[in-house]
Amino acid sequence: MMSNITVCARFRPLSAKERKDSCDSICISSIDSESFIFKDEKDECTYSFDKVFYEESKQADVYEFLALPIVKDAVKGVNGTIITYGQTGAGKTYSVEGPSILECDVQKKGLLPRVVDGLFECIKSADESTKYTIKLSMVEIYMEKVRDLLDLTKDNIQIKENKEQEILLSGVTEITISDPEGALQSLSTEMNVGSSRSHCIYILTVQLESNTDKRVKTGKVILVDLAGSEKVEKTGAEGKVLEESKTINKSLSALGNVINALTCGPSTRSSHIPFRDSKLTRILQDALGGNSRTALLCCCSPSASNASETLSTIRFGMRAKHIKASPLVSRREDKHAKKHGDISPTKDESCDRILNKLRERLDDEDVKLLEELFILEGLFIDVTSVEDLESAYQDVTSWTISSLQQAVEELIYTVEELKRENKDLKARLADAERFDAMRKKTEDNAGVLLKISGIISFLFSWAGSFSPLKMPS
Ligand SMILES: Nc1ncnc2c1ncn2[C@@H]1O[C@H](COP(=O)(O)OP(=O)(O)OP(=O)(O)O)[C@@H](O)[C@H]1O
Ligand SMILES: [Mg+2]
């Protein structure tokens, strides 16, 4: 099953500062619950998302549309990720946590406490044959390091891939939660440790153990509260804050690059996606690469004074809309599912899996053998290590891309050539038509002359039929 990433936009109410700065002037106007018009001094444009939440929208609306489907799938063993994106102060943390995680009114509760409630609600109504366990982990990415928010001594958690090629945080603390209240208690004590200068990641893992055959599968809900993008020139940041901003912007552009690479069309789909360029993209590899159901909430300020930041957030969301993702039941289940013909992996996925397996298993001896084989086959690639094999693979890909680009350029050139020829032909046709018209006119004139000369000669012959006048003598 192929499905797109769900992408929504959310506009928070104007802040007091924005009201003061730009006299309530706003850069968007609503069309309906999916479309709005964005306008700035230069332009006016309509944008559409899966859903648009305006300033009066309720936290419950956002949860129901964006998160509830993911929660329902997690208890079936399908992974899901919810990401909030947007400039500093746009409402990401408000959407994820609410005004505060514990003492806040029920209406204003954010996505995270609602997801916790939702998971417990779902397992309550699920069938008896399964035993459910819910675990919670929290990490932040600060200055390109992954820090365990449940155990601050673990300040450089490594990101690994398990045998099923799922991305894992090696050695991260997981606490088992037995009810929503307990979960919120843990969250609230640790939540304050995270800062808005880091990307905060909340991982809720649902473990499903079948009472009949003891098979275990897991479904995860990952909530990502990104650090805000900001214009360094606008904030005038210096020193540590400047360094933080640079790191944040770098990882956000890595995220943008991954999304671009994923949306470049099917030809590059199996090619190199730069997931490894930042910790953030590496952690989100499953979410963006198609192993997870994913929702993106683009948080924006509606103020005219933030129009350019809002536009860049909107554009980010529009690009993400074009990612094709195919959520899978967590891969431990794959073999089983295949047996029943439920889910068959795509060709790309199979190729990736084979390549990854090869990479894992090859030792030096095998690589040497492969090298010999390549030379025998006339493929003169100098393979000396697994990394080389990988980069050779990437080279072939970029070679393919560049030859495609060349073909496109040639096509553009041919089109230009044809256009020029077409223009020439048109000019010649116009000339010919003009000439034809002139010829016709000349012919008409000649016809008139012929008639006149006919009349004249008739007159002459008529006059000649009389005898010459005889003058009286
Ligand atoms: N939908 C909303 N309704 C009411 N208030 C909101 C809403 N969204 C955001 N706010 C308020 O706006 C302010 C900034 O929001 P928030 O902290 O969520 O921004 P952020 O996107 O997380 O910023 P940063 O990138 O700096 O972490 C907060 O005071 C928050 O309470
Ligand atoms: Mg925040």
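**View 1. The second largest cavity has a volume of about 50 Å³.** The model is predicted: local features need pLDDT of at least 70, side-chain atom pairs count only at pLDDT 80 or more, and totals for chains, interfaces and linings use all residues. A cavity is a set of points, on a 1 Å grid over the protein atoms alone, where a 1.4 Å probe fits but cannot get out, and lining residues have an atom within 4 Å of a point. Grid points are joined across faces, edges and corners, and the volume is the space filled by probe spheres set on the points.

**View 2. The lining of the second largest cavity includes Ile5, Ile83, Leu288 and Phe316.** Leu255, Ile259, Thr294, Leu296 and Ala320 also line this cavity. At least two lining residues come from each of H7, strand S15 (293–300) and helix H11 (307–320); helices (H or I, at least four residues) and strands (E, at least two) are DSSP runs, numbered from the N terminus. By class, eight lining residues are nonpolar, one is polar and none is charged (Ala, Val, Leu, Ile, Met, Phe, Trp, Tyr, Cys and Pro count as nonpolar, Asp, Glu, Lys and Arg as charged, and the others, Gly among them, as polar).

**View 3. The largest cavity has a volume of about 70 Å³.** Its lining comprises Ile141, Tyr142, Met143, Glu144, Arg197, Ser198, His199, Glu244, Thr247, Ile248 and Ser251. Strand S8 (130–142) and helix H7 (239–262) are the elements that give two or more residues to this lining, and H7 gives the most, with four. The lining of the largest cavity has four nonpolar, four polar and three charged residues. Residues are numbered from 1 along each chain as its sequence is written.

Definitions and conventions: Chains are lettered from A and ligands numbered from 1 in the order in which they are written. Side-chain values use heavy atoms; hydrogens and water are left out. On a 1 Å grid over the protein atoms alone, a cavity is a set of points where a 1.4 Å probe fits but cannot get out, and a pocket is an open set with protein on both sides within 12 Å along at least five of seven lines; lining residues have an atom within 4 Å of a point.
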